[in-house]
Amino acid sequence: QGEGSAMSTPPARPKVKFQKDRAHVTYKTKAGKRVPGASTVAKIGDDPSALLYWAWDLGKQGIDYKKAREGAADIGTLTHFMIQCHLRGEDADLSEFSSEQQDKAGNAFIKFLEFWQAQKFSTVDTEKQLVSEVHGFGGTLDLVAKDDGYVLLDWKTSNAIYRPHLIQLAGYEQLWNEHYAFNPIERRAIIRIGKAESNDLEVRWLSDMTPYWEAFKCQLALYRAFQKLPKNGD
């Protein structure tokens, strides 16, 4: 064949398996001090009554809430996994999931792709781990994208968007802006992926994060106060 006549084959995309038992992330300052994650801080003092009612209601129906939670989480978790693989240029290995789970997650994934393409985003960073030296907490940002400015997107696998999700997002935005002050977050949204149903994908845009950041700082102070309590309860 003459020079330049051969067609180049694009490199194969790496195939990635879902890791069920991923190690818990530990956040440390530059000095080596361990600090809490934003997800932990955002739950401090939160009302657990909704979760308790859900478990109680399942019990009335004779359903083990632990098995229900694990089975339902598979759909949302699988969708999240498919999205992250797509954004990193990888192929998700779905062999460990049932055909029903793949179908339901696939429907939600298609819905995400429609949203992504309509927004004309490009990926800046995924699963970015940052630590605030100023405030003493860390976090892993699901996705920072870009259109005319920088956009923070956070995934939630749940049946609704709850207040701790909003407070956590404010913490993530603070982390990014502290490290990248010249490219601050201009827009932010929570992308909720339902646990069990097909096409259950919700995008909620948020404007003023100031009250949520104020709440985050108060919860962070409460977390530190709890850490100083005597271990024996005296």
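Modeller: Gladly, and please keep in mind that this is a predicted model.

Colleague: Which residue does the side chain of Glu 214 meet in a salt bridge?

Modeller: The partner of Glu 214 is Lys 217, and the N to O distance between the two side chains is 3.2 Å. Lys 217 is partly exposed too, with a relative accessible area of 31%. Both residues sit in helix H6, and because they are 3 residues apart there, about one helical turn separates them.

Colleague: What about Asp 154, which residue does it form a salt bridge with?

Modeller: Asp 154 pairs with Lys 156, and their closest N and O atoms are 3.4 Å apart. Asp 154 is buried at 2% relative accessibility, and Lys 156 is buried as well, with a relative accessible area of 12%.

Colleague: How many salt bridges does the count come to?

Modeller: The count comes to 10 salt bridges.

Colleague: Changing topic, how much space lies in the second largest pocket?

Modeller: The second largest pocket holds about 320 Å³ of space. Its lining is made of 18 residues, and those nearest the centre are Arg 34, Val 35, Pro 36, Gly 136 and Tyr 223.

Colleague: Which element gives the largest share of that lining?

Modeller: Helix H6 does, with 3 residues. Strand S3 (34–35) and H6 each supply at least two residues of the lining. By type, the lining of this pocket divides into 5 nonpolar, 8 polar and 5 charged residues.

Colleague: One last thing, which residues form a nonpolar patch on the surface?

Modeller: Leu 222, Phe 226 and Leu 229 form that patch, and together they have about 270 Å² of accessible area. As for where Leu 229 sits, its place is in the segment after helix H6, which covers 210–227.

Technical notes: Residues are numbered from 1 along each chain as its sequence is written. This is a predicted model: local features need pLDDT of at least 70, side-chain atom pairs count only at pLDDT 80 or more; totals for chains, interfaces and linings use all residues. Side-chain values use heavy atoms; hydrogens and water are left out. Patches are made of residues with over 30% relative accessible area and no salt bridge: like charges are joined within 9 Å, nonpolar side chains (Val, Leu, Ile, Met, Phe, Trp, Tyr) within 5 Å. Accessible areas come from the Shrake-Rupley method with a 1.4 Å probe; for residues, only the protein chains shown count as cover. A salt bridge is a side-chain nitrogen of Lys or Arg within 4 Å of a carboxyl oxygen of Asp or Glu. Helices (H or I, at least four residues) and strands (E, at least two) are DSSP runs, numbered from the N terminus. On a 1 Å grid over the protein atoms alone, a cavity is a set of points where a 1.4 Å probe fits but cannot get out, and a pocket is an open set with protein on both sides within 12 Å along at least five of seven lines; lining residues have an atom within 4 Å of a point. Grid points are joined across faces, edges and corners, and a volume is the space filled by probe spheres set on the points. Ala, Val, Leu, Ile, Met, Phe, Trp, Tyr, Cys and Pro count as nonpolar, Asp, Glu, Lys and Arg as charged, and the others, Gly among them, as polar. Buried means under 20% relative accessible area, exposed over 50%, partly exposed in between (1.4 Å probe, protein chains only).
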